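Reader: I am new to this structure and would like to learn how to read it. Please take one feature at a time.

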Amino acid sequence: MSFHTILRYQIDPAFHSADRVEELAAFCAASRIEEVMLFITPEELSTGHPTGLELEAYIALGRSLRERLAREGVALSLNPWATVYHNYRGRTLREGQQFRNMVGETGVTNPVAVCPLCETWQAYLSESFATLAREVCPVAIWVEDDFRLRNHDQALLGWGGCFCTEHLARFSERAGCAVGRKELLTAILQPGPPHPWRALWLELSCETLREPLARVSAAIRAASPGTRVGLMSSSPDAHSSEGRKWERFQEAIGQEPAFLTRPNMAPYTQIFALQAVPSNTRLTLANLSGPLEIRPELENSPRCGPYSKSARYTLWQMFNCAALGAGGVTINHFDMMGNGTALDPHFGRRLLVGKARLDALAAECPDDREAGGVEVLFSPQVSLHLHTRHGRSLHEWVQESELWGDVCTSLGIAHRFTSSVEGGRRPVLVNGQTLRAFDDAALRQLLARPLVLDAASVEVLLERGFGAEIGLCGASWQTLSQAAYAYEEIAEDDPAPYGLARPRLSAQRCSPQLLALEPVAEAQELSYICNAEHRALWPGATRFRNTLGGEVVCLTYPVARVGQFFMGFFNPFRRIFLHRLFMELAPTAPLAFAAEHPYHCYRHTVGPWLRLAVLNPCDDTPESLAIDLPDAAPDGWELLGEGGRWQPTQPVREPLPTGMRLRFPIETKYLEGTFLRRLRATE
């Protein structure tokens, strides 16, 4: 099976298009590109919602491109760049486009973005997509990720939602009384517990997008039964704030033989690889059901070729995708103005270095929803339950469910996302207001398991009356200016684990406020927050076994995008602390940790195999690869070689207080990956 690389590409029908077609065909053949996704009127060349005349030019181009690519064994799909329309950028509706425009929470009408409930626009979009499908016969048409209710120029509209006359009329019908925009916003943004109208608004928002999606998908299938519909998406938490119910979207599009999905995968512009983690992609997959065909988006923006992202960095992202079970990717690398491959003619050839290994990994394609490791809890409907603090914007409904995934990836902790609280051996990690989405019965199930809570989660449980189950009699927020906290000291007197006794980590660089924990006498205090005079102020982490049979760890830190969280929280001592903690909490669970170096680590099952993937986001290349496992059998391991073949490798076994460390004689270089497997015992 081939790792399916899709090149997202623009050819301007009015700008040397014949030359660009030939050039692209040769590029794909030399680079072993499996599919081209042709943009329709994108970005700089977008004049607004395309007219029939503009579509005719792209239809002619699409036909000739499909025929030419077919001679190279390359498929063609289409990506109309606009549905609702991205951002204003000076564009307006065209002559004859009698669409109802989107009205933001600010009351401002967007000049080009439309209300998805507009019947005229729905008819236009359905006919446009059906015509493209019928005339070009692509393998797929991708619904762009502007198919949403937010991010259509926040300066104009605010965070998101449409407050046009039709939306207010439909909402008033559901509410049973006449409701205006300001009255609606006052209710659904009220600080504290959600007003009942929020649920009605989110349900209406969901239908706002599901209704046209079903209509467009049906039109495509009717026009060209062989053309699939693919869904592009962005942050699942942001989609939650617009009421998205993923199962309804999957039903609207169709899932046979598998649901075709292009989740967002950051970064769009090359950054320090240690921070470039695929949490958003993995969280999207966890929201979806049934068989999936996963093609994450490796965006390159502002599409300046190697000035935005190198081929090596792109290949490293492709290895990340393959590690989590994606059978391919979609890549933006070239600009959208029709300049062709001249921007970076050697890009495709440089990707070929990893092709054999990517193909071997694609042949296995594990299900990331069943990945090994610790579990990160989320709720698809979390925005329905969040308590707002200021009541100023719909943006307050956005949770940061993926952040524990960022922490785990950066600290070499294998993990998966889950929305289930049902019993299991694995530690469960929770942050923010996630727990507001679960009732008391679900919380008791969760509290019977190994559980790690950030400060905001602790606050929610204390508010809900679960202090006795988490080992706290209280807690209070303390700002840096109030408490002058300086560092965290780990309560470990043995110098062996960390290289010194009582190691210190920065606290003041993590967050502008911490939650001062007040543990009960029976709770174990794992670390302490100290001031610059070395006085302990309160515990940094506590551990408590409750009467439900669970062990709960409470952290003083909010796992959130606050202060300098990334700079302050991540530290080799933190990595060791969490690795040891998770192994102690769940010594028989299917866990995995990359030790001694800031690797990214994945654990999956593939048929009879246990597969580990370790990727190096740092410039240093350690002489060996150390992986900690609770079930570390030293024999039977195989390494995926550069030629795409699995070959035997023998690690050295090093005992740990809990579990075992396997040390492989392997150098994993910067922006490279090591893939290992062995026949597994039943997990």
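Author: Start with strand pairing: two strands pair if DSSP finds at least two bridges between them. Bear in mind that the model is a predicted one.

Reader: In which sense do β26 and β32 pair, and over how many bridges?

Author: Strand β26, residues 609-615, runs antiparallel to β32, and the pairing has 7 bridges.

Reader: Which residue of β32 is the bridge partner of E638?

Author: That partner is R677. The strand concerned is β28, residues 638-640, which pairs with β32 in the antiparallel sense over 2 bridges.

Reader: Now the helices. At what angle do α7 and α9 pack?

Author: Angles under 35 degrees count as roughly parallel. Helix α7 (residues 196-223) packs against helix α9 (residues 246-253) at about 20 degrees, and their axes are 8 Å apart. α7 is therefore roughly parallel to α9.

Reader: Is the crossing of α7 and α9 left-handed or right-handed?

Author: The crossing of these two helices, α7 and α9, is right-handed. On the α7 side the contact is made by E203, C206, E207, L209, R210, L213, A214, S217 and R221, and on the α9 side by R248, F249, A252 and I253. Sorted by class, the residues of this contact are 7 nonpolar, 1 polar and 5 charged.

Reader: At what angle do α6 and α7 pack?

Author: Angles of 65 to 115 degrees count as roughly perpendicular. Helix α6, residues 181-188, and α7 pack at about 115 degrees, with 8 Å between their axes. The two helices, α6 and α7, are therefore roughly perpendicular to each other. α6 passes α7 in a left-handed crossing.

Reader: Which residues of α6 and α7 meet?

Author: From α6 they are E183, L184, A187 and I188; from α7 they are W197, R198 and W201. This contact of α6 with α7 has 5 nonpolar and 2 charged residues, and no polar ones.

Reader: Next, the backbone. Which residues does a cis peptide bond join, with omega about 5 degrees?

Author: Those residues are A266 and P267. P267 sits in the loop between β9 (264-265) and α10 (279-287). A cis peptide bond also joins S301 and P302, where omega is about 10 degrees. The loop that holds P302 lies between β11 (297-298) and α11 (311-323).

Reader: What is the value of phi at E43, and where is E43 found?

Author: Phi of E43 is near 40 degrees, a positive value in a residue other than glycine. E43 is in the loop between β2 (35-40) and α2 (52-70). E43 counts as buried because its relative accessibility is 15%.

Reader: What is the value of phi at E596?

Author: At E596, phi is near 70 degrees, again a positive value in a residue other than glycine. The loop with E596 runs between β24 (593-595) and β25 (600-606).

Reader: How does E596 count by its relative accessibility?

Author: Residues between the buried limit of 20% and the exposed limit of 50% are partly exposed. E596 has 44% relative accessibility and therefore counts as partly exposed.

Conventions: Residues numbered from 1 in each chain as written. Predicted model: local features only at pLDDT ≥ 70, side-chain atom pairs only at ≥ 80, totals over all residues. Heavy atoms only, no water. Axes fitted to C-alpha atoms, helices over the stretch in contact; angles between N-to-C directions. Helix = DSSP H or I, 4+ residues; strand = E, 2+ residues; numbered from the N terminus. Parallel < 35°, antiparallel > 145°, perpendicular 65-115°, else oblique. Left-handed = near helix turned anticlockwise from the far one by under 90°. Contact = heavy atoms within 4.5 Å. Nonpolar A, V, L, I, M, F, W, Y, C, P; charged D, E, K, R; others polar. Buried < 20%, exposed > 50% of the residue type's maximum accessible area, 1.4 Å probe, protein only.
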